[in-house]
Amino acid sequence: MGKRTINDLTDAEVRGRRALVRVDFNVPMDDRGAVTDDTRMRAALPTLDALFARGARTLVLLSHLGRPKGGPDPRYSLAPVARHLATLTTRPVRFVASTVGREAVEATTTAAPGTILLMENTRFLTGEEKNDGALAAQMAELGDFYVNDAFGTAHRAHASTEGVAHHLHPAVAGLLMDTELRFLGDALAHPERPFIAILGGAKISGTIDVIDALLPKVDALLIGGAMACTFFRAIGLETGTSLVEPDRIDMAKALVSRAGDTLVLPNDAVVAPSLDAGREAHAVARDAIGASEAMFDVGPRTCGAFAQRIIGARTVVWNGPMGVFETPPFDRGTRAVAEAMARATAAGATTIVGGGDSAAAVDGMHLASRMTHVSTGGGASLEFLEGKVLPGVAALDDQST
Ligand code: ADP
Ligand code: MG
């Protein structure tokens with residue numbers, strides 16, 4: 001069942017009204033309070049523009065920032081984020097130092113039409129993460145309707161992402177949220193085939209449910225990253241000092257026997273004595289990893305084999321880097337996957353990148369615009385791929401049929 005979006009709102013529901021918009025402005029900042037990556041903020045701009053274009057009077061934005069512990073902490077104030085937002089839009093932007101309460105509500109009702117208000121960090125309130133009903137009701141007073149555009153936090157049932165939607169209607173998806181749900185949802189529900197998934201990253205433990213959920217759907221599941229080492233152990237190979245999760249080896253064994261040919265492991269590895277010994281990096285077959293070496297990337301033969309499968313696919317979903325891409329020369333596997341996906345996109349395939357580190361890697365290689373979709377939600381996109389219901393999405397109004 002689809003969720004209502006801001007495009008489904010009637011004029012009467014929007015015109016002259018205050019839109020309460022949950023955005024994901026949880027952005028990295030430097031010591032001086034300058035935003036160092038505003039991707040998430042720019043991703044929300046189409047929703048803000050669309051609301052004004054539909055005649056909304058005032059936009060009231062809620063977001064969390066970081067993980068303040070039990071109360072207000074100036075290090076996590078959204079004030080610098082409001083200043084940055086002012087540089088991204090021609091609309092007047094005002095920061096409101098409270099999040100809810102009399103003053104906050106007053107700010108929303110007295111603001112000049114066309115103003116964007118950014119309220120202080122929702123996590124300064126202890127009820128936020130507890131999804132406190134009274135706090136959610138207070139948040140509902142800040143607007144006349146609710147828009148959730150924070151896909152990246154939709155897997156958390158917090159007062160500003162889930163609770164508030166029970167107190168304020170209409171409650172609809174913003175454009176970014178809608179795009180995320182459509183790309184990830186369609187890829188899983190009606191994939192054009194061949195449909196392949198590529199999983200990497202540090203740990204098998206965080207990804208096991210994704211593997212389980214994807215295996216029956218995909219034509220091939222390519223495994224890279226440190227995760228591959230746990231699978232190597234499962235098939236009886238030595239992995240030297242590589243990152244392995246010993247308590248997951250049995251699970252990996254079960255997956256290997258269940259998946260058959262669908263699960264594709266690397267056939268070679270780039271190894272080195274340590275991460276800072278990049279000059280000693282060399283490629284070995286996967287059954288030749290030395291006792292005092294660790295695998296930090298997939299090897300060149302694997303890059304070629306993975307690239308070939310990717311280029312031949314019609315739908316590609318990727319989560320998790322193939323190696324320690326932050327530390328060259330161990331970025332080659334990740335680069336090979338990203339470049340092959342860019343070629344697949346150009347050939348008409350649907351290519352989707354999910355996961356914080358994978359998205360950062362693609363961005364760093366300037367390949368983001370050559371993917372069909374790069375998800376802004378790390379944990380949320382993983383839970384979506386697992387087939388879980390995202391509480392922040394479930395709470396929104398259903399589209400009438
Ligand atoms: P994402 O954020 O895209 O979901 P993860 O957080 O699961 O990805 O994993 C990313 C991390 O995995 C990166 O920091 C990368 O350095 C690390 N990693 C990948 N391959 C290896 C490896 N072979 N050994 C150690 N760490 C690895
Ligand atoms: Mg990560």
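**Exercise 1. Find where asparagine 131 sits, and decide whether it is buried, partly exposed or exposed.**

Step 1: Asparagine 131 lies in the loop between α5 (127–130) and α6 (133–140). Helices here are DSSP runs of H or I with at least four residues, strands are runs of E with at least two, and both are numbered from the N terminus.

Step 2: A quick note on what you're looking at: this is a predicted model, where local features need pLDDT of at least 70, side-chain atom pairs count only at pLDDT 80 or more, and totals for chains, interfaces and linings use all residues. Residues are numbered from 1 along each chain as its sequence is written, chains are lettered from A and ligands numbered from 1 in the order in which they are written, and side-chain values use heavy atoms, with hydrogens and water left out.

Step 3: Now the cut-offs: buried means under 20% relative accessible area, exposed means over 50%, and partly exposed is in between (1.4 Å probe, protein chains only). Asparagine 131 has a relative accessible area of 22%, so asparagine 131 is partly exposed.

Step 4: Check the backbone too. Asparagine 131 has a positive phi, near 55°, though it is not a glycine. Most residues other than glycine have a negative phi.

**Exercise 2. Find two cis peptide bonds and say where their prolines lie.**

Step 1: Go to arginine 193 and proline 194: the bond between them is cis, with omega near 0°. Proline 194 is in the loop between α7 and β7 (195–199).

Step 2: Then try proline 328 and proline 329, joined by a cis bond with omega near 10°. Proline 329 belongs to the loop between β13 and α12.

**Exercise 3. Describe the aromatic pair of phenylalanine 296 and phenylalanine 330.**

Step 1: Start with the rule. Rings of Phe, Tyr and Trp (its six-membered ring) pair if their centres lie within 6.5 Å; planes under 30 degrees apart are stacked, over 60 edge-to-face, and the rest tilted. By this rule there is one aromatic pair.

Step 2: Apply it: the ring centres of phenylalanine 296 and phenylalanine 330 are 5.1 Å apart and the planes are at 55°, so this pair is tilted.

Step 3: Phenylalanine 296 is in strand β12 (residues 294–298) and phenylalanine 330 in the loop between β13 (315–319) and α12 (332–346), so the pair ties together parts 34 residues apart in sequence. Both phenylalanine 296 and phenylalanine 330 are buried.

**Exercise 4. Work out how α7 and α14 pack, and which residues meet.**

Step 1: Helix α7 (residues 175–189) and helix α14 (residues 378–385) pack at about 30°, with axes 10 Å apart. Axes are lines fitted to C-alpha atoms, for helices over the stretch in contact, and angles run from 0 to 180 degrees between N-to-C directions.

Step 2: Angles under 35 degrees count as roughly parallel, over 145 as roughly antiparallel, 65 to 115 as roughly perpendicular and the rest as oblique. α7 and α14 are therefore roughly parallel.

Step 3: List the contacts (heavy atoms within 4.5 Å). Leu181, Leu184, Gly185 and Leu188 of α7 meet Ser381, Phe384 and Leu385 of α14.

Step 4: How covered is α14? Six of its eight residues are buried, among them Ala380 and Glu383. The cover over the buried residues of α14 includes α7, α8 (208–214), β13 and β14 (350–354).

**Exercise 5. Compare with α9 and α10: what angle do they make?**

Step 1: Helix α9 (residues 227–234) and helix α10 (residues 249–259) pack at about 80°, with axes 8 Å apart.

Step 2: That makes α9 roughly perpendicular to α10.

Step 3: Among the residues making the contact are Phe231 of α9 and Leu255 of α10.
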